[in-house]
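Please view the structure first, and then read the points below.

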Amino acid sequence: MSRTYRSRFRTRLYLLGTMLIVAVIALIILFSVYNKRLEEARKITLSQAEEFTNLFTANEKMDNESVEQASTDLNKTISQAIADMQMEEQNDNEEETVISKTQEEIAEPVEVIEEKKELCFESPVEGEITKDFARETLIFSETLQEWTVHNGIDIKADRTTVVKAAEEGTVSAINNDPRYGLTVIIEHSDGFKTIYSNLLTSEFVQVGEVVQKGQSIGTVGNSAPFEIADQAHLHFEMMINNEYVDPTMYLQ
């Protein structure tokens, strides 16, 4: 082998060794870079895994809280619904009770007893009774000069003496009676009626007026044709259900 050839061989061997060394160094560098990137990728993956785990845990916690809240709300809703149903049922029962009581009241009305005022008649004028009530017997009339019935009593009183209502009532009529002259009729409760005749005046009252006991209704006169011959007096009659009765039985 020549010297030139050996020199070329060495040069080539040197280049090949150099290239091999460079290749090895390049491989080491590449391997190092790969490992570094692989580690970084692993760290990133682990970080992402932790984040995902934390996120999943947080979501799960939130879901559990949502479920618990939803369950609580549902329980509250159910409880409220039950309470509302119970309240509605109670109101219905109360309404039924009120309606039942109302129906009972309608079915069995309470009888209202009105207290009636007891009548107490007083003499319309103060004076002596000069002629009594006579329905079963006859009395002699000075004016007619005959025996006749007498449906009331004659109370002696001076002319123009004030005549008063014997009891509370309503003036039902004021007229000129052909037998007993100017007359005022007062109707009372319980079918009672009082009649005041032989009056001089009656302008104190009018028909339809409600008068009180003791209220002035007229004055004594001498307007009764059937008793014109008698001394001044009030001819006073009383009726119950349109039947003549003796006034002295009711005057106090």
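The score called pLDDT is the predictor's confidence in each residue, on a scale from 0 to 100. For this protein the average pLDDT is 80, and 67% of the residues score at least 70. This is a predicted model, in which local features need pLDDT of at least 70 and side-chain atom pairs count only at pLDDT 80 or more, while totals for chains, interfaces and linings use all residues. Residues are numbered from 1 along each chain as its sequence is written, and side-chain values use heavy atoms, with hydrogens and water left out.

**Salt bridges**

- A salt bridge is a side-chain nitrogen of Lys or Arg within 4 Å of a carboxyl oxygen of Asp or Glu, and by this rule the count comes to 3.
- Asp-230 and Lys-131 form a salt bridge through their side chains, at 3.2 Å from N to O.
- Because Asp-230 lies in the loop between β10 (216-220) and β11 (233-240) and Lys-131 in strand β1 (residues 129-131), the pair ties together parts that are 99 residues apart in sequence.
- Glu-167 and Lys-213 also meet in a salt bridge, at 3.6 Å from N to O.
- A further salt bridge joins the side chains of Arg-179 and Asp-177, at 3.6 Å from N to O.

**Burial of the partners**

- Buried means under 20% relative accessible area, exposed over 50%, and partly exposed in between (1.4 Å probe, protein chains only).
- Lys-131 is buried at 14% and Glu-167 is buried at 1%, whereas Lys-213 is partly exposed at 32%.
- Arg-179 is partly exposed at 30%, and Asp-177 is partly exposed at 21%.

Definitions and conventions:
Helix = DSSP H or I, 4+ residues; strand = E, 2+ residues; numbered from the N terminus.
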